[in-house]
Amino acid sequence: MSDRRDFFKKIGLLGLSGIATKLVSNDQLSALETLGNQSTSSSPFTLAPLPYAYNALEPFIDEQTMMIHHTKHHQAYVTKLNETPSTNIDFLVDDMTKCKHIDSTTSAVIRNNLGGHVNHTLFWTLLKPNKESKPNSPSGKLAEAISKDFKSFDEFKKQFSEKAAKHFGSGWCWLILQNGKLMITTTPNQDNPLMKVAEQKGNIIMALDVWEHAYYLKYQNKRADYIANWWNLANWEKAEELYQSR
Ligand code: MN3
């Protein structure tokens, strides 16, 4: 909708036709046009801002990594999704439900980019700033369940760290709830445990991105160091919320 006459027809429909063109600069006009396009757009996916500043996770994850991860990698999944017509996925249901419909017949472009979008959206909320490097562990019902299913939080940390470090190539490490029991699992690429294609399915409680793009600038090839530092940032309040809502 770059044609200006069509644009005014559109803002007329939006009830904005009272705007006098002579009072509007070209910059304002283009901003309005962008708004008009957004409000009538058929593109259902958007990149939400992070719930904290790009440098908020330092010293454990650096500002540049967070900025590139969010504005380039996550943005690319969103852009690709909006360019791709849905196949067997109903784009009108919520994003978590969309994932549950992904099976072996789903196109790779949808599987990878929907997974990429959903996984990152969740991952950002499962991180929280910890500038003062305070001790960080779960409390409440989730802490009890972790102690029950893994013997102790330290034992859980050990198992999760090993699994995340050993996952071959790009992917994710997850804490999931499967039939009332907590489990650690990994998925390749942008798959997640909600998808029908996942080897181990369950509800997501905690997530760790182990793609190199998540750590390479600061940690280079040392994924184990990235994982060891990530424990400082795990948002256990959000994980508890996810656990209690299951
Ligand atoms: Mn990533």
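Predicted model: local features only at pLDDT ≥ 70, side-chain atom pairs only at ≥ 80, totals over all residues.
Which residues does methionine 206 touch, not counting residues up to four places away in sequence?

**Figure 1. Methionine 206 and its contacts.** Leaving out residues up to four places away in sequence, methionine 206 touches Leu126, Trp174, Leu175, Ala234 and Ala239. Met206 is also listed, with Trp174, Ile205 and Ala239, among the members of the largest nonpolar core that touch the most other members.

**Figure 2. The largest nonpolar core.** This core holds 42 residues, of which Trp174, Ile205, Met206 and Ala239 touch the most other members. Two or more residues come from each of helix 3, helix 5, helix 6, helix 7 (153-166), strand 1 (171-178), strand 3 (203-209), helix 9 and helix 10 (236-244). Domain 2 (63-125) and domain 3 (140-244) each supply at least three residues to the core. In soluble globular proteins, nonpolar side chains tend to be buried together.

**Figure 3. The whole chain, shown for orientation.** The chain contains 10 helices and 3 strands. Along the sequence, these elements follow the pattern α-α-α-α-α-α-α-β-β-β-α-α-α. The chain has 246 residues, and 28% of them are buried. Among contacts with a separation of 6 or more, 63% are between residues 24 or more positions apart.

Figure 4. The 3 strands form an open sheet with antiparallel pairing, in the order 2-1-3. Strand 2 (181-188) and strand 3 stand at the edges with a single partner strand each, so one side of each has no neighbour in the sheet. On average, and with direction ignored, neighbouring strands are turned by 25° against each other.

**Figure 5. The bridges of strand 1.** Strand 1 pairs with strand 2 over 8 bridges in the antiparallel sense. Within this pairing, leucine 177 has leucine 182 of strand 2 as its bridge partner. Strand 1 is also joined to strand 3, by 6 bridges, and these two strands run antiparallel. Here tryptophan 172 has aspartate 209 of strand 3 as its bridge partner.

**Figure 6. Helix 10 against the sheet.** Helix 10 lies across strand 1 and strand 3, and runs at about 150° to strand 3. The buried residues of the helix are Trp236, Ala239, Leu242 and Tyr243. Viewed down the helix axis, these buried residues fall within an arc of 115°, so they line one face of helix 10. They pack against helix 6, strand 1 and strand 3. Strand 3 is itself mostly covered, with 6 of its 7 residues buried.

**Figure 7. Lysine 80 in helix 3.** Lysine 80 belongs to helix 3. Because 17 other C-beta atoms lie within 10 Å, lysine 80 is classed as partly exposed. Apart from neighbours within four places in sequence, lysine 80 is in contact with Val109 and Asn113. The C-alpha atom of lysine 80 is separated by 9.1 Å from that of leucine 114, and the two residues are 34 residues apart along the chain.

Figure 8. Glutamate 58 and proline 59 are joined by a cis peptide bond, with omega about 10°. Proline 59 is placed in the loop between helix 2 (26-39) and helix 3 (63-83). Most residues other than glycine have a negative phi, and most peptide bonds are trans.

**Figure 9. Serine 133, a residue with positive phi.** Serine 133 is not a glycine, yet its phi is positive, at about 50°. The loop that contains serine 133 runs between helix 5 (108-125) and helix 6 (140-150). Serine 133 is exposed, because 10 other C-beta atoms lie within 10 Å.

**Figure 10. Glutamine 220, between helix 8 and helix 9.** Where is glutamine 220 found? This residue is in the loop between helix 8 (216-219) and helix 9 (223-230). Phi of glutamine 220 is near 50°, a positive value in a residue that is not glycine. Glutamine 220 has 11 other C-beta atoms within 10 Å and is therefore exposed.

Key:
Residues numbered from 1 in each chain as written. Helix = DSSP H or I, 4+ residues; strand = E, 2+ residues; numbered from the N terminus. Buried ≥ 20, exposed ≤ 12 C-beta atoms within 10 Å, placed from the backbone. Core = buried A, V, L, I, M, F, W, Y, C linked by C-beta atoms within 7 Å. Domains from an automatic or database assignment. Contact = placed C-beta atoms within 7 Å. Arc of directions from axis to C-beta. Pairing = 2+ DSSP bridges. Axes fitted to C-alpha atoms, helices over the stretch in contact; angles between N-to-C directions.
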